[in-house]
Amino acid sequence: MQDSSPSPLLPESVRRLAAWCAVVLLVSGVGYVGILLCVQFRAAVIPVLLALLGTALLLPLHRRLVRAGVQRSLSAGLTCVAVVAVVGGAVYIVVAALIDSGDQIIASLRSVARDLTRHFGAAGTSLDDIVANARELLSKFGGTAASGVLSGVGVVSQALAMAVLALLLVFFFLRDSERAADTLRGLVSRGSGDVVVAVARRAFQAVEGFMRGTTFIALIDALCITVGLLVLKVPGAVGLGALVFVGAYIPYLGAFISGAVAVLVALADRGFAIALWVLGVVLAVQLLEGHVLQPMIQSRTVQMHPAAVLLAITAGASVAGIVGMLMAVPLTAAAVGVLSELRQRHTAPEEQAPPPASP
């Protein structure tokens, strides 16, 4: 007896492709709406993300204080105070270094600009013409500049408010870190609670490993480059070293920008030969980081392809500017950790299945 059921209009391969396309479109739409919501509520989302990154970096210190017998709230408060002291001291050092050597750097850059104008300037173009044109533009757009200053003051105030909110969130996250698993289990159904906790723990471990390893590598890079700049007597060496430290949190792009600034300052103040020496120091430190420090320190964290890192940085910059660039890579590391955990849970039953019985 032949089967009288109608044959499908489309072959199996086409139907599978259509199903995958529907899934991709659905996930993309949900992700796009999520990004729009995060951008719309960025005043609350950015402090939460910064607080999560800060918690991932400071949690080991908090745990050591708790194991030493310090009460949890007091330990979280001491950790936050230590962060404020370290960040405030670093800002003071950078500002003091820039104030001490700022005039010298500006004068050197003006000298380089005059040399470039004299050798490569177009006909009828000189530094005096540029200054005159700049004054004319300033006088013409003075009102716009004033409104821009007011807007800048508003941006600084908003950034300070976000920083204070992020610091308070870090305190609460550290204090209540032991109850995070129970809180997640309470938010989801009983059957999927363990899976959600395991996935969240894997994501947080990826972020924690990235932040801890990146901070250690950034400290080594900043110390090496600062020592090299001090030996070469480049002005603003401490400030440039601090810039290297901050730039290390933006892989590849941050190192390129901070290294380029150091070489430019050396070229402006010490000449072409010293600039080449600074370039050699920067390249040597970057080679040390790429071939020694990265494999040794971050071998236990989530490894990502450089192309994925660059795409993540570009996407983060398009969504949230500099803050997006800083948070793009750790958030991508968390996503990779989640996918790895889900893949392991999905393939574990197949790998642990008993072999078929022999006949």
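Helix H7 is followed by Lys 233, a residue whose phi is positive, near 60°. Helices here are DSSP runs of H or I with at least four residues, numbered from the N terminus. This is a predicted model, in which local features need pLDDT of at least 70, side-chain atom pairs count only at pLDDT 80 or more, and totals for chains, interfaces and linings use all residues. Residues are numbered from 1 along each chain as its sequence is written, and side-chain values use heavy atoms, with hydrogens and water left out.

Is Lys 233 buried or exposed? Lys 233 counts as exposed because its relative accessibility is 63%; exposed means over 50% relative accessible area, buried under 20%, and partly exposed in between, with a 1.4 Å probe and protein chains only.

Helix H7 covers residues 193-231, and at 1.5 Å a residue its 39 residues should span 57 Å; the expected span is 1.5 Å times one less than the number of residues. The end C-alpha atoms are 57 Å apart, which agrees.

Finally, the surface. Leu 264, Leu 267, Phe 272, Leu 276, Leu 279 and Leu 283 make a nonpolar patch of about 550 Å². Helix H9 (253-270) and helix H10 (272-297) each supply at least two of the patch residues, and H10 gives the most, with four. Leu 276 is in helix H10 and is partly exposed, at 46% relative accessible area. Patch residues have over 30% relative accessible area and no salt bridge, with like charges joined within 9 Å and nonpolar side chains (Val, Leu, Ile, Met, Phe, Trp, Tyr) within 5 Å. A salt bridge is a side-chain nitrogen of Lys or Arg within 4 Å of a carboxyl oxygen of Asp or Glu. Accessible areas come from the Shrake-Rupley method with a 1.4 Å probe, and for residues only the protein chains shown count as cover.
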